[in-house]
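Please read them with the model open.

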Amino acid sequence: MRRIPAELRTVELTDARMLSPTVRELVFRTTDGRAFDFLAGQWVKLHLGGGIDRDYSIASAPDASAPDRFALAVTLVEGGPGSERLHAMELGTRVDARGPNGLFVREDAERDAPALYVGTGTGLAPLRAMLQEELRREDGPPQVLLFGSRTEEDILWREELEGWAARHPRFRLELTLSRADTRIWKGRCGWVQHHLHELLPTMPGAPHVYVCGLSKMVSEVRRTLKDELRLDRRHVHSERYD
Ligand SMILES: Cc1cc2nc3c(=O)[nH]c(=O)nc-3n(C[C@H](O)[C@H](O)[C@H](O)COP(=O)(O)OP(=O)(O)OC[C@H]3O[C@@H](n4cnc5c(N)ncnc54)[C@H](O)[C@@H]3O)c2cc1C
């Protein structure tokens, strides 16, 4: 893996929008104009003041046309000082960010194998970065995203994900809702881990699986892959948010 040393940088909020009723996307750029180097899947530590330091996965792939920028996606946690500050933050606000950090990245050798990405909520952030990067290659092995949300309005970047599914025959989008209105929603329901038995065997070869989200889900997915689906644990890569 290419190592990029973490640095303390000042970044400014340049763009923000709500992706769902509880998730805000925030785009930051460096204030000195220098590139912010990172690998898809890595995270930054934001120093939000008052001793509040919080980690956020970068939700965008490195982009040569805007190397000084990165996007985050932040879930509003009730009573949570970090996420509340980020949801209230005004454009133009400057914060200190240390990064890039983390080993949740795709090694070059893994890119020859099919990939299954499993995420819930803002656990989609680093998976989106990985997929944005992967789908820049015209050809390659199959890529499947299994994304779990509560309801349809909680599906993040839906247009973008559905656009990928329409444009890239090797990309498959599998959405599952844990609190679906089944009168309207005819897709998958329930937790992500319950769909692995059906999805994994449809993938050729020995896929690599990338899992991100809250710890309980990550543990359940890892357990299912190891104990029930007998996937080599060297093929399972994960990031936990709590
Ligand atoms: C490597 C890493 C990457 C992370 N990336 C992201 C990210 O991309 N987006 C993001 O929203 N958070 C992310 N987090 C979590 C983030 O660092 C904070 O913990 C979160 O914003 C809550 O902080 P707070 O101060 O608002 O709440 P706190 O008062 O610190 O409350 C923490 C509580 O919030 C819950 N929580 C933490 N993250 C989430 C979440 N995403 N959704 C629902 N509940 C949560 C935890 O279970 C915990 O009980 C990441 C954490 C790590 C370790």
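1. First, the terms. Contact means heavy atoms within 4.5 Å. Helices (H or I, at least four residues) and strands (E, at least two) are DSSP runs, numbered from the N terminus. Axes are lines fitted to C-alpha atoms, for helices over the stretch in contact, and angles run from 0 to 180 degrees between N-to-C directions.

2. Now the basis. This is a predicted model, in which local features need pLDDT of at least 70 and side-chain atom pairs count only at pLDDT 80 or more, while totals for chains, interfaces and linings use all residues. Residues are numbered from 1 along each chain as its sequence is written, and side-chain values use heavy atoms, leaving out hydrogens and water.

3. The antiparallel sheet. Six strands form an open sheet in the order E4-E3-E6-E1-E2-E5, with antiparallel pairing. Two strands pair if DSSP finds at least two bridges between them. E4 (53-57) and E5 (69-75) are the edge strands, each pairing on one side only. On average, neighbouring strands are turned by 40° against each other, direction ignored.

4. Inside that sheet, E1 (residues 7-18) and E2 (residues 23-30) run antiparallel and are joined by seven bridges. Asp15 stands opposite Val27 in E2. Helix H1 (residues 81-88) packs on the sheet and touches E1, E2, E3 (43-47), E4 and E5. The direction of H1 makes about 75° with that of E2.

5. The record. UniProt lists residues 6-107 as "domain: FAD-binding FR-type", in an unreviewed entry. UniProt positions follow the numbering used here, feature names are shortened, and annotations may be inferred rather than shown by experiment. In the model, that span is 8% helix and 44% strand, and its end C-alpha atoms lie 19 Å apart.

6. The parallel sheet. E8 (residues 143-149) and E9 (residues 171-177) pair in the parallel sense over seven bridges. Leu146 stands opposite Glu174 in E9.

7. Helix on helix. The axes of H2 (residues 124-134) and H3 come within 12 Å and cross at roughly 35°. Leu124, Arg128, Leu131 and Gln132 of H2 make the contact with Glu160, Leu161 and Trp164 of H3.
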